[in-house]
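I opened this entry to keep track of what I looked up, in the order in which I looked. The sequence and the model come before my notes.

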Amino acid sequence: MVCSDFSLCLHEAGGCRDDSTSSARLPLGSLLAPPPAAIMFTVCYSYLTLAHFLRHHRKEQAVMRALQSHGFYQSVAFRKILQGDEEGWNRKTTRASQLCEKHDEHTRFSHFSKYIEPNLGKQMVIVKPKQSVDLTKDWTSFIGSSVAPKDGSSSASKAQRGKENEFSFFFLLEASPPSKTNDGSVKLRDVSRDRVVKLSDLAVPVAWKPGEPFGILVQATPENFSKVGTAFMEGVLELDDGLYVDQIISVDVIGHPFNLVDPLVDKDLGLTLLDDEAGRKAEAGEDARVKSGRAERKKHSSHFTKRVEQRKRSVDEKDSSLMGGLKDPSSKPPNILVYSGSSPTQAEGIFQAASQALEGVLHRDEYVVYHLTRDQLKSHPWAENCALMVTVVGEGGAAEDPFTKEEFDIVSDYVVTGGKLLNLGVAMNFEVGQYAAAGRKSQAAPPTDIRYRPKHSADEVSFKTPFRQDKITVTSEDSAQSLVSLKGEEMVVQCSEDLGKVVHSKLPLVSLEQAPDENARSCLQQILADVLSRLQINCEPEWKLPDLTPCFLIAATTDTSSAFHNAVKPHLKDNKLSASPVSLRFTDNVADAEEKVNADLLTVLSDMTPSAAVFNARVYKSNLKSKVLGNLVMYTEVVPTTMTLFESFMHRVPKTVGVVAIASRQTKGKGRGGNKWLSPLGCAMFTSHIRLATGTKLASKLPFLQHVAALAVVEAIRTRPGYETLDLRVKWPNDIYYGSKQKIGGILVTSSSMGSDIHALIGIGFNVANSKPTLCVNDIIEEYNSKNHKNLATISVEEVIAWTMNVLETMIGDFQREGHLHFCKRYYTRWLHGNTVVHLEKQEGPEVTVIGLDGSGYLEVKDKNGKFISLQPDGNSFDMLHNLIEMKKR
């Protein structure tokens, strides 16, 4: 009704202004008076302004009344009306938000009927009982916030609060990342700026929680809360960082958030804020052991404070990730570390079994499983890149070889600062969960019926399995959850330990050889996958190792193809070129080639090209400008590793043939020092054969070859027009980094001598179009475009490999002519370590300054006494995070 009146008034006013003829006939006096249409417009505008003000005021009052009537014992929530859910939240839920704690099944939801905005798809809802947020579960306080939960209750003294006019509510906002415009800037709401209501003007931020949904806890007076709620309902609420608010709900709070200014040092994260009486009961119920444990934890070890400092350093990066910048991957793929005791006869076998079980359910392209020895537990900075720690020992091992207090403190500090632990058989006493090992005399229980309901499944499975006769106990049921039990006895229990999570299990989840049959093995794998997902580890239980595929031999010219075939033909027997570890069998029959591929025998299809969808030979050839390097491609879609394909022919092919082996996937990718190299699709994985005449400059200083190769990959990108400022760098001895923290590539070089030549194989892995497990160059390009309003094209694997061959051939030629000093000048413009002060071996070790590469290609450092020390790259490595050079044990 109002809208139609307003349209009529505008129409009449417009008609009056257009009638110039009639206006000219008016007497002068009448021209001085406002025209009737203008008066009508003013009246309408005033009416509409007043009506809007009154309507807005009534909405705020409705929120205030709801808060006064229900706010102390119930939650007031504002949310979108979901399709098919017009009557409120799904009745099966027991909480109003994923960020709230679960309540009992009697949780109820009801509309506040006077405040529903069907046109805007919004509603206000009353939730009973009042919802609560546990701030100890990955919440972090806002730096500089002067308001934080006190050591009292947000809901305690409710009766007294009701008598006061000025008090604060905590309320939770669920938010989602903002949309972006084409130029990468935050897209603001299509609302008149004079109507926008900013949250920061009405509430004080208390804490935030990353993830989906993103959580923000704020504090405000009832009056301001009503303004925030009304602004949300009207679609005019705005956060300073552009986040979209999806839901608002008043809550109680439990515990303290992680404090970035005064992190955990004198605070007990187990303190609850629900009410004083409950707090007294909880305190009275604690046994002496738990109290002792809390007191002991206030004396934090150096490992703990280092973890806290890291957490502080990472907060700004997490914020930028949330706001649409490059994600914050660790400098290397996240590790899963397996501790299997210190028994020399058992530890390796236990680790191998555990590794096989874990790799059977893990997402293949995201994690690397490594063995964590007892010495490494105490001496290495393993925790920073550890996504999950697994502790598992043989039967009786936990009792015979327990952690010392120092060792347990290291593990405990890792957990309470946010680490994840899966414990299978090691005696540990955490604050919430305790695992007591029965010892060697108590053998595993015989196979027993276990019933289990897998996650996201309504069907229960039953299987027989042995289990350890140990004991799992918990001191707080609110912080623990039983996942599997047998006749009231806990088999698998998940515990929240401050910021971290621990799962204790008596079932042989990573010792699948103990399963009596295939059904038990399958069920144990399901439980393992469920447990890992609860520990925020991505699983892919149905993943299977891809089948190996034949090789395509792709020559740049017919002369190159002929030269290769003429060189190997005399050595063929039944078309087979035998060698260890891989033999080659040449054929022109595709079906036959696919059938006979295995790890020891690779079939080779000559003069054929693979599908452009997996490797575009035309793109590769058009970008290849080198004379020899890379002029013959051995492309294999899936192969164990490209490093083992050369033994049968590299000493036989002429100098005019430069073979490069390329794969789309590797099932056993190799890294330096025995490390594993993950091989996801989109990663450039290739090995190039290099021949150096003995006595030449580079052959005499062979350690330089890996530095030449690393620089060649960086320069292959940074010498392209427009890509010069991409911050790709080299890290000693053989890594490729983006900036100083994010590894995106690595080099592995092996060599052998035959006659007057040195034959080197340069294996390269470089993240081109794969955003996992860390970061790729195309992510960097897209981020650069967004920030600088550029339109650089992303690049392909084929282009990167061809460009690298071009630059590598040129650099080797330059080195042979000019020597190492000329090379070092260019190398230092891209490396990360000039004049860096580091420690040898450990953080308490001798302090030295990095000088550069010495005449042999080793790292040269200078100690405080001015003594120069050379460190060979074989076995030593540079830890960028801690400014450490980890020394090879000799």
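**Notebook: sheets, helices and a few local details**

I began with an open sheet of seven strands, whose order is 13-12-14-15-23-22-21 and whose pairing is mixed. At its edges I found strand 13 (368-371) and strand 21 (480-486), each with a single partner strand, so one side of each is left without a neighbour in the sheet. Direction ignored, neighbouring strands of this sheet are turned by 15° against each other on average.

Before going on I noted the conventions: the model is predicted, local features need pLDDT of at least 70, side-chain atom pairs count only at pLDDT 80 or more, and totals for chains, interfaces and linings use all residues. Residues are numbered from 1 along each chain as its sequence is written, and side-chain values use heavy atoms, with hydrogens and water left out.

I also wrote down that helices (H or I, at least four residues) and strands (E, at least two) are DSSP runs numbered from the N terminus, and that two strands pair if DSSP finds at least two bridges between them. Axes are lines fitted to C-alpha atoms, for helices over the stretch in contact, and angles run from 0 to 180 degrees between N-to-C directions. Contact means heavy atoms within 4.5 Å.

E497 stands opposite G500 in strand 23. In the loop between strand 22 and strand 23 I came to D498, a residue other than glycine whose phi is positive, near 55°.

Helix 14 (residues 518-534) touches strand 14, strand 15 (420-424), strand 21, strand 22 and strand 23, and its direction makes about 175° with that of strand 21.

Four bridges pair strand 29 (residues 659-666) with strand 30 (residues 683-693) in the antiparallel sense, and the bridge partner of A661 in strand 30 is T687.

I looked up two cis peptide bonds as well. One joins S580 and P581, with omega about 10°, and P581 is in the loop between strand 25 and strand 26 (583-587). The other joins W732 and P733, with omega about 0°, and P733 lies in the loop between strand 31 and strand 32 (735-738).

**Helix 19 and its contacts**

Helix 19 and helix 21 pack at an angle of about 130°, with their axes 8 Å apart. They are therefore oblique to each other, since angles under 35 degrees count as roughly parallel, over 145 as roughly antiparallel, 65 to 115 as roughly perpendicular and the rest as oblique. The residues of this contact divide into 15 nonpolar, one polar and one charged, where Ala, Val, Leu, Ile, Met, Phe, Trp, Tyr, Cys and Pro count as nonpolar, Asp, Glu, Lys and Arg as charged, and the others, Gly among them, as polar.

I next followed helix 19 (residues 704-718) to helix 22 (residues 820-828), where the axes come within 11 Å and cross at roughly 40°. That makes helix 19 oblique to helix 22. The contact is made by F704, H707, V708, L711 and E715 of helix 19 and H820, F823, C824, R826 and Y827 of helix 22. I counted these residues by class as six nonpolar, two polar and two charged.
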